[in-house]
Amino acid sequence: MSRLVPPIPAFLNPMPATPSPTRPRRPRTRRARAPLDDGFYAGLLHLAGLRECAAGSGRGVTRREPHERQRGTLVELALERIAAHAPASLDEPARFALALRLCIAWISQLVLLKVLETRLLALHDGNTVHALLHASRLRSFRDLGALCDAVFGGGSDARFAQLPRLDAVRFCTDLDARLVDIGALDDSATLTPFGRTQHAGETHLLPHLLDFFAAFDFSSGIVARSRDATPARPCIDAAALGLVFEKLNGYRDGAWYTPASVAMELARAAVTRAVLNRSAQAGQTGKAHQSPLTSLDQLSESIVDRDTVREIFDTLRVCDPAVGSGHLLVSALNEVLALKARFGLLAALGDARLVVVADRLHVTHANGEPFCAQRDRAALREIDAMLYREKRRIVARTLFGVDISEDAVCMARMRLAIELLEHANFSDFGDFGDRRDPVTRAASSPLPNLAANLRQGNAALSDIGIDTPSREGGATFAWTREFPALCASNGASNGGFEGFDAVIANPPYIDSERMINAGQKPLREALARRWPSAKGNWDLYIVFMELGLALLKPGGAMAYLTPDKWLAKPFGEAFRARHLRKIERIVTLGREIFDEARVDAIVTIFRANDLDAITTARLGPASLVELARADPSTLAAPWMLDALLSPHYAFARRVMRAHPPLGALLRCENACATADAYRLAPLIEEAADVESERAARCYRVVNTGTLARYVSRWGAKPMTYLGRRYDAPVVDHARFAATFANGYGAKAGAKKVIVKGLTRLDASLDLAGDTIPGKTTLVLRGDDENRLKFAAALLNCPLSAFLLREQYGASSYNGGVAFTKAMIDALPAPADPALHARVVMLVDRLLACADAHEAGRASAITIANQIDAAFYAAFALTEEEIALVEDRASTRIVQG
């Protein structure tokens, strides 16, 4: 048998030899995302009466402007129905939110009916008798309601008795049935057809809906996924539908649609690792391995009992505790199928190839050719039947999900239903014929009980393994009660919760400020009591990461997509301290991964058992670039991990450890508190004549925009401070002293080094003590001018900027680094007295000519380069390392 072997998951690939110190150039390309047909999405917005709008840091949907509204749109009809049946106490935002839910429910029913119609037409060679959504069959919304009731509910209308029942998919089950009933929409409602000028010939809503959906191809199955020809109509597949519904749902509560390539890698990494671990535990090797299985090839070569491997897949359990639209579970479904094909467990494939490409399942002939509906009819039916049986089994036994949103859970159920309907031929359930008895038809449903494994609830506010609500009470989720199949039946003692083999998630990103502003302080306090890692200003994804680890069974694996901030920020310290040895791999994806969310995203692979190494990589346009490997036992508190995202980790670590820290020589401080920065603003005035006697009684004021290497650019470059512009900003000594009797007052008159706090590392000397450092700056104070000169030289050396950027990548700010006093204190500072003397001598020479004529400035550049060379020699850098540092440096004195 010839089968295409899926590649070893890139996130699990072993790291090669020590990376070259040459950093590959990072291309500025956008990642591939789920294909969204703009016409389909725009048409849905038009029919619904909605428009996209800015919503926080991203985008959402809202009602159209008053002059654009048309009564015949879904949202306006929904609002009319809410006015008639919903409580009058609902305010306007609540009414719109409810109306949006109804719109999504109605559209969801139409989409699923369209997928069912497409499949029936494919099975019956396009016979229009199976065109469920044809205007000749549906002359009113009442007819449409009867169709929906027959397919999704308990209806027994004779016109639709032959149809399969899909009552495993529910829509807005928590709402009054009078609100959800699509059959009660007003047939007389009209709107302007999509793409035409408003009021230029309005049409009735129902035929407009039917015509709109008929304009798109919802083809599914093997042929549709394999064909090369351009379809006559735009093709809308399950992945595109998932993205549409996430957008309609407004990227709620910090949740973002997971890009297809990332979803595939999340599922592949976690599922593959879980299968390898389960296989090793089951003794699936011809001889004892000295180390755990690390690759699919190793497992394939050592299998001794294929039936046992089949049993491993049948008992595999995968969970997404923030399931959203179900995208990651579909990815897991595809990966499980690909692995079963890899191990020869799908006999019906014959010589065909099954592989996951771009997060989609593809089946082709052995030579890569797509299947042809006419030529390969028999093979197609056999493979379709096999894929349906396998998918149904995996959906019913393997995939589990939880979401706090009932609507999201409904979307996930619909998404899995679509995956099954792609292959269903309905022959396994007999001839429906005139079977109008709902009980008989329910027993013949082509869908498993999707509600059993996809549950609504607050997964984060839960007690793992406890069947009773926690003391917190309220949105609490009892895993043993919701998923009883995962308890004693799987061998857990005393009916306890056994856990999952794999956990995958793109959890919500909601920081402390947003939670508190949304009135969720009590929930936040309850979560902090429940999860030990929820310390400080933690983001909600910290809780979900700890939840995921708690859900894993021994040997299990977890893959999460999150921002990178927890790698280094204080709010992630408690999590890092507790779970450092559970981290197997970190892959940085960059900022382009999401359309709207402005975060630097990473994928982190965790293991339930302790590990002895952490590896890192960067996802490039075509492949992964390996970065670093570290023993977690060599990492010290506060266990910051962003340094591992540098390909120069080993080099930077060596340099950082070469000498004592700068903080042992001079301590770095924040220049002022935020409140002080605002109190300073009214005192700032323009110096009309910088040489005047009055100017001599004033402090100069500098901020990040007027700081440069060694000397400030005060008076030579305008300063903008809290929105106001100054050419030569000063503050009177007496007024400053009267306003600031605190530490800020002492810093102004002290001899010091003033350091930019943002993006670029420039350090200016203030040996006269006549300069006030503005907001977002740092200072190093001292009476010893030579120490200050040495510190300024070290900070201005490109090596220091290189080290900080390589060590603190997760502290990014607009592409740079937001420097902190802890970072500055940690910089290595050679203690050699001879070096100190030489550097101070060179700084004195530089200061003597820095403000001189052009020739003097050229000499200053030469001297600055000599200072840098002295530091390179002190750190024993090679020519290759110097070239790397110089190439990565963001600033030189000639640029300053």
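Biologist: In which loop is Trp639 found?
Modeller: Here helices are DSSP runs of H or I with at least four residues, and strands are E runs of at least two, both numbered from the N terminus. With the elements named that way, Trp639 is found in the loop between β15 and α22.

Biologist: Before we go on, what kind of model is this, and which pLDDT do side-chain atom pairs need?
Modeller: Residues are numbered from 1 along each chain as its sequence is written, and side-chain values use heavy atoms, with hydrogens and water left out. This is a predicted model: totals for chains, interfaces and linings use all residues, local features need pLDDT of at least 70, and side-chain atom pairs count only at pLDDT 80 or more.

Biologist: Back to Trp639: is this residue buried, partly exposed or exposed?
Modeller: Buried means under 20% relative accessible area, exposed means over 50%, and partly exposed lies in between, using a 1.4 Å probe and protein chains only. The relative accessible area of Trp639 is 24%, so this residue is partly exposed.

Biologist: What is the phi of Trp639?
Modeller: Most residues other than glycine have a negative phi. Trp639 has a positive phi. Its value is near 55°.

Biologist: Which two residues are joined by a cis peptide bond?
Modeller: Most peptide bonds are trans. In this model there is a cis bond with omega about 5°, and Pro638 is one of its partners. Pro638 is in the loop between β15 (624-630) and α22 (649-656). The joined pair is Ala637 and Pro638.

Biologist: Where does Ala876 lie, and is this residue buried or exposed?
Modeller: Ala876 lies in the loop between α31 (854-874) and α32 (879-888). Its phi is near 55°, a positive value in a residue other than glycine. With a relative accessible area of 57%, which is over the 50% cut-off, Ala876 is exposed.

Biologist: What is the volume of the largest cavity?
Modeller: A cavity is a set of points, on a 1 Å grid over the protein atoms alone, where a 1.4 Å probe fits but cannot get out. Points are joined across faces, edges and corners, and the volume is the space filled by probe spheres set on them. For the largest cavity, that space is about 70 Å³.

Biologist: Which helices each supply at least two residues of its lining?
Modeller: Lining residues have an atom within 4 Å of a cavity point. Among them are Arg101, Phe171, Asp407 and Met414. The helices that each supply at least two lining residues are α3 (92-123) and α14 (406-421).

Biologist: How many of the lining residues are nonpolar?
Modeller: Ala, Val, Leu, Ile, Met, Phe, Trp, Tyr, Cys and Pro count as nonpolar, Asp, Glu, Lys and Arg as charged, and the others, Gly among them, as polar. By that scheme the lining has two charged residues, one polar, and a nonpolar group of seven.

Biologist: How far does α14 reach from its first C-alpha to its last?
Modeller: The expected span of a helix is 1.5 Å times one less than its number of residues. α14 has 16 residues, and 16 of its 16 residues are buried. Its reach is close to the expected 22 Å, namely 22 Å.

Biologist: Which backbone nitrogen does the side chain of Ser405 reach?
Modeller: Ser405 is placed in the loop between β8 (399-403) and α14, and is buried at 14% relative accessible area. A polar contact is a pair of N or O atoms within 3.5 Å; within protein, one must be able to donate a hydrogen and the other to accept it, and residues adjacent in sequence count only if both atoms are side-chain atoms. At 3.3 Å, the Ser405 side chain reaches the backbone nitrogen of Asp407.

Biologist: How many disulfides are there?
Modeller: A disulfide is a covalent bond between the sulfur atoms of two cysteines. Here it is counted as a pair of cysteine sulfur atoms within 2.5 Å. The count comes to zero.

Biologist: How far apart in space are Cys319 and Leu329, C-alpha to C-alpha?
Modeller: Cys319 is in strand β5 (residues 318-320) and is buried, with a relative accessible area of 0%. Cys319 and Leu329 are 10 residues apart in sequence, and their C-alpha to C-alpha distance is 7.7 Å.

Definitions and conventions. 1 Å grid on protein atoms, 1.4 Å probe; cavity = no way out; pocket = protein on both sides within 12 Å on 5 of 7 lines; lining within 4 Å.
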